[in-house]
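Let's take a walk through this structure together, starting from one residue and working towards the inside. Keep the picture at hand as you read.

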Amino acid sequence: AFWMAMVAAVPILWSVGRHQWFNRDDWAFVLTREQMRTGVGTAEWLFAPQDGHWLTVPILLYRVVVATVGIDSYWPFLLLALVSHTGAVLLSRAWCRRVGVSPWTTTLLAVMLLLFGAGWHNLMFAIQVCYSLSVVCFLAQLLLVDHDGPVDRRDLAGAAVGLVGVMTSGFGPIFMIGLAALLVLRRRWLALAGGGGSQALAYGWWTVWWSDEAPSAVPPGDRSQVPAYIVRGVGATFEALVAFPALAGVAVVATLMVLAGGAPWAARRVGIALAATVVVMFAGIGWQRVGLGVHTAGSSRYVDVAALVIAPVFGLAVDRARRLAPEAHLAARLVLLAALVVNVGMLRSAGVTFGRASRYEQRVFGLVAGS
């Protein structure tokens with residue numbers, strides 16, 4: 001059923017993606033970074049921060065696409081984001097199966113995340129490959145290091161994937177917390193020192209040499225509002241997962257019950273690491289961006305990342321309804337089905353609106369060029 005849904009998703013994604021065009025930060029990679037490369041050098045091109053992010057990997061991806069096919073079409077760039085998003089969905093699905101989420105609950109969750117209208121920004125804006133690819137690296141690294149025994153090839157591969165993730169977006173240090181949480185709970189100290197240490201050293205080097213004096217356009221805010229920022233972000237994520245705002249609180253409580261003892265320890269330690277990642281994520285973003293308003297915690301680009309990470313724990317909470325009654329489990333799955341339908345509609349609506357705005361921009365550029 002999931003692979004059939006993957007095939008059915010192709011025309012939906014094509015329908016909402018065919019109207020998109022270069023927008024805002026896309027130009028930083030297509031034009032500004034190219035001027036930096038030829039004007040001030042390769043190092044500045046690759047390592048200078050953008051909005052506080054280390055973006056070496058997305059910069060290289062854009063460079064390959066520009067050098068290969070140019071900028072006549074937006075599709076090659078948008079495919080970077082869509083493929084990365086799909087990879088993150090597949091890895092979230094793999095984690096659902098590993099922690100013991102039932103097949104049908106896993107399928108409903110994965111299909112909803114594949115067409116996640118609440119996170120439309122990361123699907124329809126090519127530059128958001130930096131967020132989706134970061135999630136891919138994080139979830140893949142967790143899968144690789146989630147085993148017993150001494151350090152082996154899986155841990156080395158995980159460390160390499162983690163380094164790619166660090167160079168992909170500002171989520172690098174946040175995801176290091178999630179990695180550390182899992183390895184501490186597993187008591188795999190050497191794996192933590194190797195994989196986590198190499199990422200920390202790399203990010204520390206970049207912070208000292210490149211990010212320390214980076215300018216910021218974010219106005220200063222009252223950081224006493226960071227707890228409210230976390231609550232708003234978590235609430236928005238669960239509202240997107242259940243579609244009914246009134247049920248978001250119930251979903252949060254059910255998820256916390258799983259973490260508190262409603263699942264085997266092997267599943268709970270993974271869930272604790274994933275939940276801690278989401279909380280730290282909103283805390284870190286809030287610390288830097290609370291000046292833009294607490295409501296920005298519910299932005300689609302953040303909700304998408306949080307939903308992909310927390311989905312395996314939420315899936316366990318959905319299946320836990322079976323302990324109440326078979327009817328409760330069925331009702332929980334029907335809520336997931338409703339959320340899937342709602343998110344497809346949101347994706348269509350947001351995609352059309354965003355595409356219309358970018359096409360207006362294209363029209364203006366064409367008129368300027370023509371004049």
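Start with R187, which is exposed, with a relative accessible area of 66%. (Exposed means over 50% relative accessible area, buried means under 20%, and partly exposed is in between, using a 1.4 Å probe and protein chains only.) You'll find R187 in the loop between α10 (172-186) and α11 (189-211). R187 isn't a glycine, yet it has a positive phi of about 60 degrees. As for the helix names, helices are DSSP runs of H or I with at least four residues, and they are numbered from the N terminus.

Before going further, a word on what you're looking at: this is a predicted model, where local features need pLDDT of at least 70 and side-chain atom pairs count only at pLDDT 80 or more, while totals for chains, interfaces and linings use all residues. Residues are numbered from 1 along each chain as its sequence is written, and side-chain values use heavy atoms, with hydrogens and water left out.

A243 also has a positive phi, about 70 degrees, without being a glycine. Its place is the loop between α12 and α13 (245-261), and A243 is partly exposed, with a relative accessible area of 24%.

That brings us to helix α12 itself. Helix α12 (residues 226-242) and helix α16 (residues 326-370) have axes that come within 6 Å and cross at roughly 100 degrees. Here, axes are lines fitted to C-alpha atoms, for helices over the stretch in contact, and angles run from 0 to 180 degrees between N-to-C directions. So α12 and α16 are roughly perpendicular to each other. (Angles of 65 to 115 degrees count as roughly perpendicular, under 35 as roughly parallel, over 145 as roughly antiparallel, and the rest as oblique.) On the α12 side, A240, L241 and V242 make the contact, and they meet V335, L336, A339 and N343 of α16. Contact, by the way, means heavy atoms within 4.5 Å. Sorted by class, this contact has 6 nonpolar residues, 1 polar and no charged ones. (Ala, Val, Leu, Ile, Met, Phe, Trp, Tyr, Cys and Pro count as nonpolar, Asp, Glu, Lys and Arg as charged, and the others, Gly among them, as polar.)

Now for another pair. How do α4 and α5 pack? Helix α4 (residues 56-69) and helix α5 (residues 75-99) pack at an angle of about 150 degrees, their axes 10 Å apart. That makes α4 roughly antiparallel to α5. The contact is made by L61, Y62, V65, V66 and V69 of α4 together with P76, F77 and L80 of α5. By class, that gives 8 nonpolar residues, no polar and no charged.

T56 is in helix α4 as well, and T56 is buried, with a relative accessible area of 6%. Not counting residues up to four places away in sequence, T56 touches L46, F47 and M167.

Let's move to the core. The largest nonpolar core has 120 residues, and the ones touching the most other members are Y62, F116, L241, M281, F282 and F314. (A nonpolar core is a set of buried Ala, Val, Leu, Ile, Met, Phe, Trp, Tyr and Cys residues joined through side-chain atoms within 4.5 Å.) Helix α15 (residues 300-320) supplies the largest share of this core, 14 residues. What does F282 have around it? Setting aside neighbours within four places in sequence, F282 is in contact with Y229, I230, G233, V234, T237, A297, Y302 and A306.

L316 is in helix α15 and is buried, with a relative accessible area of 13%. Beyond residues up to four places away in sequence, L316 touches V99, G100, V101, V258, A263 and A267. L316 and I285 are 31 residues apart in sequence and 27 Å apart in space, C-alpha to C-alpha.

Q128 sits in the loop between α7 (121-124) and α8 (129-145), and at 6% relative accessibility Q128 counts as buried.

Note on methods: Helix = DSSP H or I, 4+ residues; strand = E, 2+ residues; numbered from the N terminus.
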